[in-house]
Amino acid sequence: MIAEQWEIHVPAALSGSLPTGKARIIGEMYARACYSILLLSPAGPALVRLPVRAAGVLPLSGETALRLAVVLLKNLNRLIPEAVHRQVLLVSALMGLLDIVLDAAASAGESAVLRVASLVTRQPPACQRPAEQTLTTLTRAMHLHESAWQAEYWEEVVQPAVRKYCLAEALAVAHAPDPAGMAHRGAGIAAALSGMWYALGPRLLSASCQRERRWMQSTGLFMQMIDDWVDQDEDRGFRSTPVVAGDWTLQTVDTLYRETLRDLTAMLTANGIANPALQCLFVGMYNDYLQTTLYAMLTGVAA
């Protein structure tokens with residue numbers, strides 16, 4: 001479903017300007033996180049929430065729950081408004097590409113990363129390299145269809161968060177100390193989350209979705225942990241990370257993973273999805289998300 005929406009909404013320029021599929025792998029992972037929230041939280045469209053919650057209180061077997069889930073996922077194209085699909089995919093693609101462009105610029109210092117930050121503003125630099133042009137294309141396509149709330153949120157929240165993320169990457173490569181003790185990883189996680197919240201809309205930021213936001217923050221941190229764990233040999237001597245510094249260990253990763261599982265189960269129960277078979281299915285989808293991402297990292301596709 002996500003692959004189909006990618007082909008519909010992500011500008012064609014993206015596929016021709018990158019040497020690998022890394023941006024797409026990262027982008028689809030962001031999209032999966034967004035669709036998870038649309039499925040499981042009060043922020044999702046009513047046409048999605050109603051069947052999920054109806055199934056969540058029925059005494060379903062594992063096989064029946066699986067069959068219903070397949071039907072639901074196959075029909076998400078129709079149940080979620082096209083405008084939501086479009087913004088989710090464009091923001092996810094943008095975040096995936098931003099990761100690549102910023103990696104290349106971070107070692108060149110502050111001016112280089114600030115140039116990257118300027119690419120996602122409404123007035124980007126005129127002269128751009130191919131990957132930079134694609135980043136600008138994605139940003140412009142996204143702004144063409146945004147709501148008034150999204151336009152304001154982008155200016156006031158996402159752009160400043162992206163700027164902090166860019167500066168933090170330069171500081172990490174320069175081995176500058178981080179008062180937060182995260183080797184400057186916090187800014188990147190915050191920028192990614194702000195982009196996803198922009199795509200999902202104001203309902204996610206309401207008081208009724210505090211549990212969902214907390215789960216997304218924990219999961220974002222967990223994904224950064226395993227990314228740094230996989231890349232530790234490459235990072236050592238090049239940039240500072242909490243894994244290289246010894247602050248994030250396998251025990252740290254394990255503890256946070258178990259916390260995200262507990263929070264996911266609590267979120268399902270709180271949102272009326274109490275059937276054990278359906279809960280097991282959603283937990284399995286979460287684990288599949290993690291395994292798919294980890295495999296991409298280990299094989300170098302999303303390294």
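Tutor: A residue is called buried when its relative accessible area is under 20%, exposed when over 50%, and partly exposed in between, using a 1.4 Å probe and protein chains only. This is a predicted model, in which local features need pLDDT of at least 70, side-chain atom pairs count only at pLDDT 80 or more, and totals for chains, interfaces and linings use all residues. Residues are numbered from 1 along each chain as its sequence is written, and side-chain values use heavy atoms, without hydrogens and water.

Student: Is Cys166 buried or exposed?

Tutor: Cys166 is buried, with a relative accessible area of 0%. Cys34 is buried too, at 1%.

Student: How many disulfides does the structure hold?

Tutor: A disulfide is a covalent bond between the sulfur atoms of two cysteines. The criterion is a pair of cysteine sulfur atoms within 2.5 Å. The structure holds zero disulfides. For Cys34, the nearest cysteine sulfur belongs to Cys209, 13 Å away.

Student: Which residues of the lining lie nearest the centre of the second largest pocket?

Tutor: Rolling a probe the size of a water molecule over the atoms shows where empty space is left. On a 1 Å grid over the protein atoms alone, a pocket is an open set of points where a 1.4 Å probe fits, with protein on both sides within 12 Å along at least five of seven lines; lining residues have an atom within 4 Å of a point. Here, 17 residues line the second largest pocket, and Val84, Ala199, Leu200, Gly201 and Pro202 lie nearest its centre.
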